[in-house]
Amino acid sequence: MADASTLQSGPGRRLRTPAVLVALTCCLLVVLALGLGLGAVRVPAATLLNTLLGLDGPRQDFIVLGSRLPRTLLGALTGAALGLSGAIIQSLLRNPLASPKIVGINSGAAFAVLLCAFLLPDAAARLTPFAAAVGGVVAGSVVWLMAGRLALDAARLTLVGIAVGFVMEAGVEFLLVTQTGPEFSAPLVWLTGSLWGRGWTHLWSVAPALGGLMALALLMSFRLDLQYLGPQRAAALGVRLGLERGMLLVIGVLLAALSVGVVGVVGFIGLMAPHIAARLVGGRHRALLPTAALVGAILCAGADVAGRALMPPIEISAGILTALLGAPFFIWLLLTEGRRPGAPR
Amino acid sequence: MRTILSALAIIGISATAGFARDVTHALGTTEVPDAPQRVVVLEFSFVDALSAVGLAPVGIADDNKRDRIQSVLTDVIGDDWTSVGTRKTPSLEVIASLQPDLIIADKTRHEAIYDTLGQIAPTVVYDSLTGDYQDVLEEATRIGEAVGRAEEMAEFQRAHAARMEAIRDEVADSVVGRAAQFGVINANGFWLHSPQSYVGSLLDYFGFAPVMSPSGDDSYGELYQQVTLEQASELEPAVLILGKIEGEHTLDLDWADEALWQQIPAVRDGNVFDVSSNLWSRSRGMLTAEATARDIREIAQSLK
């Protein structure tokens with residue numbers, strides 16, 4: 001377990017936070033530029049500039065402004081939200097292998113989306129984002145309520161989250177096995193986590209809420225340092241642990257559930273981003289949270305661009321690419337985590 | 001004419017009276033140009049319907065596998081189309097780059113992007129994934145109207161009906177009342193198509209008797225049932241038609257020595273026939289139905 005001194009400095013070499021943030025921001029800008037420049041159709045640089053700046057000459061209004069721009073921005077926004085959510089949940093559960101998935105959000109969303117497609121096939125296309133967000137929040141709330149009621153510690157909270165996730169996954173399996181109809185074709189694309197077909201309406205439907213929650217999370221970031229000390233030490237320092245823990249958990253769950261609602265289950269970002277961030281800037285949350293958000297944004301927007309440009313006109317879901325990246329990462333994490341005594345995460 | 005129409009569509013005044021009509025479809029009403037020339041289609045059955053009126057689509061969601069478009073269709077439309085990706089997630093960028101003046105999409109698969117497709121070009125939506133032979137005929141009528149070729153479509157449908165009836169009369173003696181079952185078989189499983197499925201309705205059209213009991217439910221799960229060897233052996237088809245992909249290993253080869261397989265009447269009597277699963281199970285429409293009908297004529301001739 002980490003003590004206060006490792007939280008301040010962290011083991012090994014840590015880079016200076018401002019430099020890291022600037023570098024990551026530049027990296028994100030490059031990914032955003034690639035997001036506008038790459039895709040199934042080659043858009044020459046001159047056409048791209050004409051379109052973006054509204055100049056005369058050849059333009060590609062729909063492809064650049066109607067499709068690539070909102071898609072790339074949405075990828076960055078939800079990626080940042082997932083990265084932040086992962087960082088918050090890992091700290092609260094004091095479990096470096098935790099992620100939004102661990103508190104049942106992904107499977108809750110998946111179950112709700114399929115249930116919606118099953119019960120209301122005609123309305124499913126419109127209700128899917130809403131259903132996913134509600135399913136994620138419900139699953140997260142069940143975990144939170146049980147944790148509060150049973151006064152669980154972090155380890156047991158994790159187990160409750162996994163159990164709730166399994167129940168939801170059983171529901172998903174049941175629906176998939178009993179109903180293999182075309183009504184699930186669109187929801188299944190959704191569930192693999194894809195930015196295909198997302199536009200400005202999707203972006204505006206979540207941008208205000210995600211923006212607000214992310215700001216709130218960054219404001220509360222130093223409270224996470226206290227949470228991370230564990231219940232006894234935090235209580236000794238006079239922190240109202242339960243209330244703050246609840247608030248932070250709500251923020252973490254909402255960030256992930258809203259993201260999953262609009263882009264589907266783009267997995268592993270909530271797991272990878274905080275770890276990459278911790279290796280870059282250490283465990284202090286004031287540095288960790290914005291770094292995790294930037295890394296998440298780069299991962300998600302980057303996976304989307306890659307999925308569009310790798311083998312056009314086929315679209316590879318961003319969720320498939322993050323899983324390809326994330327699964328080996330997870331294993332590497334398991335192998336190396338134990339060998340780094342004193343590591344904050 | 002083509003350039004004028006697409007230019008009009010691009011600058012968004014295709015709604016001008018005289019150049020557009022209202023077409024009602026599964027997701028509402030859309031103003032489409034009088035005689036669309038650059039049509040993008042996102043399901044196979046729409047390719048068939050356009051072939052019937054001799055209109056070659058500029059873009060097809062062909063899953064990026066051009067041979068999924070049957071040769072009876074490419075004989076009519078050529079092979080100049082651009083692939084716009086998979087039917088599940090067609091590339092909006094490629095569709096936009098084709099500057100279509102009409103998009104035909106499937107209700108189940110593409111409802112979520114209906115509004116976005118509408119930003120590219122007038123979009124009409126039909127239910128292509130479910131439905132039987134009769135539904136396919138009705139859908140073709142509506143697509144004929146949507147592309148402004150209703151009369152050509154009606155004419156084709158009359159000729160099509162005549163050709164189908166000719167084959168039906170020809171095979172009647174050997175098939176009427178015989179219990180037939182179609183299923184897709186590959187190395188991973190065996191999927192029976194129920195009497196309510198598209199193929200089921202075609203077999204019914206030719207006078208075959210159903211094997212599976214009718215279920216009344218039209219959901220996809222009921223239309224296609226995966227069965228094990230044990231379950232398959234409980235059915236008693238006199239004729240078994242297996243949809244395969246040529247050259248691929250299939251389960252029935254493993255089952256050939258099994259008593260359960262050998263006791264199926266169709267197997268016992270040598271009435272098992274291999275057909276193309278791409279044609280039989282993936283294609284819907286009039287031209288492909290005629291190709292299926294020709295397969296059925298061949299089957300009828302070799303029935304024991």
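Predicted model: local features only at pLDDT ≥ 70, side-chain atom pairs only at ≥ 80, totals over all residues.
Local features need pLDDT of at least 70 and side-chain atom pairs count only at pLDDT 80 or more, whereas totals for chains, interfaces and linings use all residues. Residues are numbered from 1 along each chain as its sequence is written, chains are lettered from A in the order in which they are written, and side-chain values use heavy atoms, with hydrogens and water left out.

Begin by displaying chains A and B together. Here 25 residues of chain A are in contact with 29 residues of chain B (heavy atoms within 4.5 Å). Select A:R68 and B:E93 next: they form a salt bridge, with the closest N and O atoms 2.7 Å apart (a side-chain nitrogen of Lys or Arg within 4 Å of a carboxyl oxygen of Asp or Glu). Two salt bridges are found across this interface.

Move to helix α14 of chain A, residues 285-309 (helices are DSSP runs of H or I, at least four residues, numbered from the N terminus). Of its 25 residues, 21 are buried (under 20% relative accessible area, 1.4 Å probe, protein chains only). Because they are four residues apart in the helix, about one helical turn separates them. Both A:D304 and A:R308 are buried.

Finally, select B:R87 and B:D63, which form a salt bridge at 3.2 Å, N to O. Salt bridges that share partners also join A:R68, A:R71, A:D304, A:R308, A:E315 and B:E93 into one network.

Technical notes: Helix = DSSP H or I, 4+ residues; strand = E, 2+ residues; numbered from the N terminus. Expected span 1.5 Å × (residues − 1). Buried < 20%, exposed > 50% of the residue type's maximum accessible area, 1.4 Å probe, protein only.
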